[in-house]
Structure formats: structure tokens, C-alpha cells
Amino acid sequence: MAFLMKSMISNQVKNLGFGGGSEENKEEGGASDPAAAQGMTREEYEEYQKQMIEEKMERDAAFTQKKAERACLRVHLREKYRLPKCTGICMSPSCCK
């Protein structure tokens, strides 16, 4: 409880501009580098970013593949059961004919 009160009071004093805020500004200036903010070296961060991009591309490719499979299945079912192709949300069955 005392720690909470002390931190609240110190934050308010820093915000008033009595010189306590200069340390905070220095810390914020160093955090502009995203690798430092993540706690990694630049090389590790670049490798991490490449890995994330590759994983996203794999997920997108898998999604596209599944989407195409679903579309193909819909076409086959429409042909098999001679169903009309509905382009929108139907309120009644007569709108698709």
C-alpha cells in the first residue's frame, strides 16, 4: 500500500516539472528502437520479424486454399441438387429463382 502511494505521489511530482521527468524522457528516447523495446538485439528482432511474416503468409495461403475448397464444394452441391446460385441474403426462397 505504501509503495502504491509513493509511486502515485512521485508520478504527480514528475508531471509538475520539478526536474523528475528528465529521467523518464531519457528512457523513452531509448525505447524508440523496437528491438530494444522487445529486449532483443537488432539481428534477433529482424529474424523474429521474418519468421512472423513467413507464418502469416502460410496462414493466408492455408486460408485461401480452404476458401477455394469450400467454393468448389458449393458448386458441386448446387450442380448435384440443381440449386440456384444465390448472390445475397435471401428473405424468401423465391428471390433466388
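Is Arg82 buried or exposed? At 77% relative accessibility, Arg82 counts as exposed, where exposed means over 50% relative accessible area, buried under 20%, and partly exposed in between (1.4 Å probe, protein chains only).

First, some ground rules. What you're looking at is a predicted model, in which local features need pLDDT of at least 70 and side-chain atom pairs count only at pLDDT 80 or more, while totals for chains, interfaces and linings use all residues. Residues are numbered from 1 along each chain as its sequence is written, and side-chain values use heavy atoms, with hydrogens and water left out.

Now the overall layout. The protein has four helices and zero strands, so reading from the N terminus you get α-α-α-α, with helices (H or I, at least four residues) and strands (E, at least two) taken as DSSP runs and numbered from the N terminus. Helix α4 covers 42–81. Of the 97 residues, 4% count as buried. The protein exposes about 9000 Å², and carbon and sulfur atoms supply 58% of that; accessible areas here come from the Shrake-Rupley method with a 1.4 Å probe, and for residues only the protein chains shown count as cover.

Let's move on to charge pairs. Side chains of opposite charge can pair when their charged atoms come close. A search of the whole structure finds two salt bridges, each being a side-chain nitrogen of Lys or Arg within 4 Å of a carboxyl oxygen of Asp or Glu. One joins Asp33 to Arg42, with the closest N and O atoms 2.8 Å apart. Asp33 is partly exposed at 25% relative accessibility, and Arg42 is partly exposed too, at 42%. Another links the side chains of Lys56 and Asp60, at 3.0 Å from N to O. Lys56 and Asp60 both sit in helix α4, four residues apart, which is about one turn of the helix. Lys56 has 44% relative accessibility and counts as partly exposed, as does Asp60 with 37%.

The surface also carries patches, which are built from residues with over 30% relative accessible area and no salt bridge, joining like charges within 9 Å and nonpolar side chains (Val, Leu, Ile, Met, Phe, Trp, Tyr) within 5 Å. Lys66, Lys67, Arg70, Arg74 and Lys85 gather in a patch of positive charge. Lys85 lies in the segment after α4 and is exposed, with a relative accessible area of 62%. The C-alpha atoms of Lys85 and Arg74 are separated by 9.4 Å, and the two residues are eleven apart along the chain.

There's a nonpolar patch as well. Leu73, Leu77, Tyr81 and Leu83 form it, with about 420 Å² of accessible area together. Leu83 is found in the segment after α4 and is partly exposed, at 48% relative accessible area.

That brings us back to Arg82, which is likewise found in the segment after α4. What is its phi near? Phi of Arg82 is near 50°, a positive value in a residue other than glycine. For context, most residues other than glycine have a negative phi.

Key. Lys, Arg positive; Asp, Glu negative; His and termini not counted. Charge placed at Lys NZ, Arg CZ, Asp CG, Glu CD.
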